[in-house]
Structure formats: C-alpha cells, structure tokens
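Colleague: Could you take a close look at the aromatic rings of this model and then follow their surroundings? How many aromatic pairs does the structure hold?

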Amino acid sequence: MNDQLNETLLGWINAVNGPLWDFLVVFLVAVGIFYTIMTGAVQIRLFWHSMKVMKGSRGKVQDAHGITPFQAFVTGLASRVGVGNVAGVAIAIAIGGPGAVFWMWVTAFLGMSSALVESSLAQLFKVRDHKNQQFRGGPAYYITQGLKQKWLGIVFAIALITTYGFVFNAVQANAITGATSHAWGWDQANIILPLGGLDFEVSWIGLVLVLITATIIFGGIKRIAKVAESFVPFMAVLYLAVALYIAVINYEVLPSIFQLIFSKAFEFEAAAGGFFGAMISMAMMMGIKRGLFSNEAGMGSAPNAAAASDVKHPVNQGLVQMLGVFVDTFVVCSCTAIIILVSGLYENAGFEGVTLTQMALESQIGAWGDDFLALILFLFAYSSIIGNYAYAEGNVQFINNNRRVMLIFRIFVLIMVYFGSVASVPLIWNMADLFMGIMASINLIAILLLMPFLLMLLKDYTGQLKRGVKEPEFKLDNHPKFKDKVKSDIW
C-alpha cells in the first residue's frame, strides 16, 4: 500500500479512536462490575457448573436445524482464539508493558458476566429462519425485539458486518502474512501482473488466503461449525503444550514474572488527554483494548454463534460462552504472555505484533519455534476468519436475507482478506479498534437496558438447579409478565 495513503488513513482513524476509547475503557469496566454485582458474581458462582454444561453438550441436537452448544462454543472460540492471543498480547506488552497483562485478566473476569448476559439474551430472542429453519439471533435481534428499536438493530448489524466481516478478517490475514514473512520470507515472492500497460504487484499469499476462505464461506454456518469443531481444540492444545513446556523449563523465574505483571499494572503513564484519558494508564488502555479484541466479552459478537445452538434453557448457552472468555484470556493469552515475558524481548520496540511472539518463542525452543508459530498462527487466524464470517453472515441476513446481497457481501469479505494481507500493521489494528469500539458501545448500552430479561432468565435457571433439576428447561408461559415482550414460537 502507498505509504502516504497509509499515513493519511491512520491519522483520520486515530483522531476518532482517541476520544472513543477514553470513554469506552471506563464504560467497559463499569458495565462489567455492574453485571458482576447484579448476577451475584455468576462467573465464580456457576463456573464449575458451566464446565459440566459444556462437557455434556457434545451430543446430538434436539432440533435437526440447530447446532450443538459445543459447536456454538467452538465457533465462538474460533473467532476468539486467534491473532488477539498471539499478536494482540505482544502489542499490549510492547506498548503498555507487562502490566497490560493484568488488565487483560481484569477485562476477562468482568467480561465473563457480560458474555453470559449477551449470549443468554441472544438465545431468548432468537428466531427461526423460514428458508432453512436454522436459528438466528444476536444483538440486532434482541435490540429490535427487546428494546423495540429496529433502526438501532440495523445500525448494530452494519457495525458488526463492518467489524467482523471486513476489518477483523483483514487483521487475521495481516497476521498470517506477517508470520509467514518473518519465518519464510514469503512476502518477497509476490506476483507481477501486467494490466493495461502497467505492472501490478499482487500478493500470492493474499490470493491463497482468498481462495481457501472462499471454500468455507460459501458453505454456510453448519459447515463453519463443523470445520471449527474439527481443529480448534487441537490447535489450542498444541499451542498450550508448547507454552507449558516453556513455563516448566523457566519455573524458577515464574514468580518474578507474575510479580512484574502485578507491580507494573499500577504504574501510571497517561494514555491520552481529556477527562477520561488523563486517568487511564497506558498499561490499562492497552490491556483492555487487546483483551476485548481477544475475548470479545460484551462486544456483541459471540451471541451470534450462541443463538444458533439448540438448548433447553437460554442460560445454558450463556454459561458455555462465559467459559469461552475464560479459556481465551486466562489460558491462551496468559501462555503467550509467559512466553514473551520469560524471553525479555518485549522491551525491544523493533519487534511488531506477531514478530515479537515469534522471536520470544525462538529464544526458548530454538529456530523451529519460528516455523511452529507461523503454522499455528495460520490455523488460529484462519479459524478466526471462519468465526468472524459466521457472525457477519447472520447480520447480513437480519438486514436483507437475499441471495444477491449475500453474494456481494461474500465478495467484499474476500476483498478485505486480500487488503489485510498487504496493509500495514498499525493501520489494520487501529481500524479494528475503531469499529470494535463502535460496536461494543451499542451492545453494552443495549444489554444494560435489557437487564430485567436477564435477571428473569437467571432466576429461573438457578431456581430449577436448587430444586434438583439436572437440566433446567425454560418455558415462556411460566413468565406471563415477559410473554408479551418476547415474540417466540421456540420457548
């Protein structure tokens, strides 16, 4: 991409990002605290129960047109576990210091309650697609039904389509290109195409990513769920195994690593100006930004996958998605942080994004670590492209479930996958922050206003558990106060 164009776009985006994130960092934490209190710290109270729910959700679906809660979990995890866990953590530490890891943990802990809220609401307000009978839902649906604001539902849907269908997929493609470039120098092997008397340099990596993305996104949500279920657990375990090995061989320095994280978390270096910005440290800003990008709690993305599953009670899927936030940040992101901090390379500003993680890994396990991470990141990023597309597709259907519209949308997704493979790292990540911030702001306000529905669901679910019901089942008829407010033939 032209350097001047890159700098111009970056300047415009940063001008909006500054005030947006000054506000959003404070708002995100406040909403997380509020829901943690209102749900009685559900992320602690029902944590072990959520593991039992997820473990028992791999069976057959009750409805042939739905997907299992586990498939919805791994589809959501496919989007969560990706570049944010590798490059995102590296960027957070490189800019915000080791203390950024602490704020990623805080974001995840508070976000677990928000994840339960949004995914439970997505289940409650889900609808059945009349064409293929599959379940569809998410913030656009609960904003439209629960808040009776169709226009705001459409605005959210557009924000999500832009964020996940286009920008986030560009981020994933950018990371794949960066990793393969550092490991194997593939960016030097571009194709020169003579068109109209001019020579155009085309990234063959970008073209390959477009091709393999196309083979999946033209298959629909059921194929996406099956693909995600097949390799997401395997790649996560493989990455965690290497991280565990690095932790074991460096066990003597682990206490000092955690001490470093906690001590640096409260060292103040203002992230920005303005009323909010002056109160926010760089560690806090980067930790929350990159934490949200990685675990997506409260952003309104995972509910789109959550709504597609077939469960007996909306809270069931909320618990499963809550567990996804825990796995993403406390497990996968923490492993990346240990790899980087043990290496001590994070203070070298010359390493950008995924390259820092690659260098850190190579310093611990040898030269093959570079190749290993390039391969594992490809799987991470590619699975995220799959999950991102699944979210965006549902929102395109919400606005206009038309074949021609869907075809145009898919073509734009492929264009953005290619764009990401040739754009600069700062531009791509700042674009992601902008659209992620817009989307999260709308969703956080919506779930706050829909709190009565969530409290009703949670009370119904925990009440059945206390009565000894092993598999709580939700029946809307038992809640006449809410029956007229939820138009559903499912519950």
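Modeller: The structure holds 19 aromatic pairs, a pair being two rings of Phe, Tyr or Trp (its six-membered ring) with centres within 6.5 Å. One of them joins Phe102 and Trp103 edge-to-face, at 5.1 Å centre to centre and 85° between the planes; planes over 60 degrees apart count as edge-to-face, under 30 as stacked and the rest as tilted. This is a predicted model, in which local features need pLDDT of at least 70 and side-chain atom pairs count only at pLDDT 80 or more, while totals for chains, interfaces and linings use all residues. Residues are numbered from 1 along each chain as its sequence is written, and side-chain values use heavy atoms, with hydrogens and water left out.

Phe102 counts as buried because its relative accessibility is 14%, where buried means under 20% relative accessible area, exposed over 50% and partly exposed in between (1.4 Å probe, protein chains only). Trp103, at 13%, is likewise buried. Ring pairs extend the picture to a cluster of Phe102, Trp103, Trp105, Phe258, Phe262 and Phe266.

Rings also meet charges. Lys150 lies over the face of Phe398, 5.7 Å from the ring centre, and Lys485 lies over the face of Phe482 at 5.8 Å; the criterion is NZ of Lys or CZ of Arg within 6 Å of the ring centre and within 35 degrees of the ring normal.

Next come the cavities. The count is two of 30 Å³ or more, a cavity being a set of points on a 1 Å grid where a 1.4 Å probe fits but cannot get out. Helices α1 (3-38) and α6 (99-124) each supply at least two lining residues, and α6 gives the largest share, four; helices are DSSP runs (H or I, at least four residues) numbered from the N terminus. By class, the lining has six nonpolar, five polar and no charged residues, with Gly counted as polar and Asp, Glu, Lys and Arg as charged.

Elsewhere, helix α17 (residues 368-399) contains Ser383, which is buried at 1% relative accessibility. Ser383 and Thr213 are 170 residues apart in sequence, yet 9.8 Å apart in space, C-alpha to C-alpha.

Definitions and conventions: On a 1 Å grid over the protein atoms alone, a cavity is a set of points where a 1.4 Å probe fits but cannot get out, and a pocket is an open set with protein on both sides within 12 Å along at least five of seven lines; lining residues have an atom within 4 Å of a point. Grid points are joined across faces, edges and corners, and a volume is the space filled by probe spheres set on the points.
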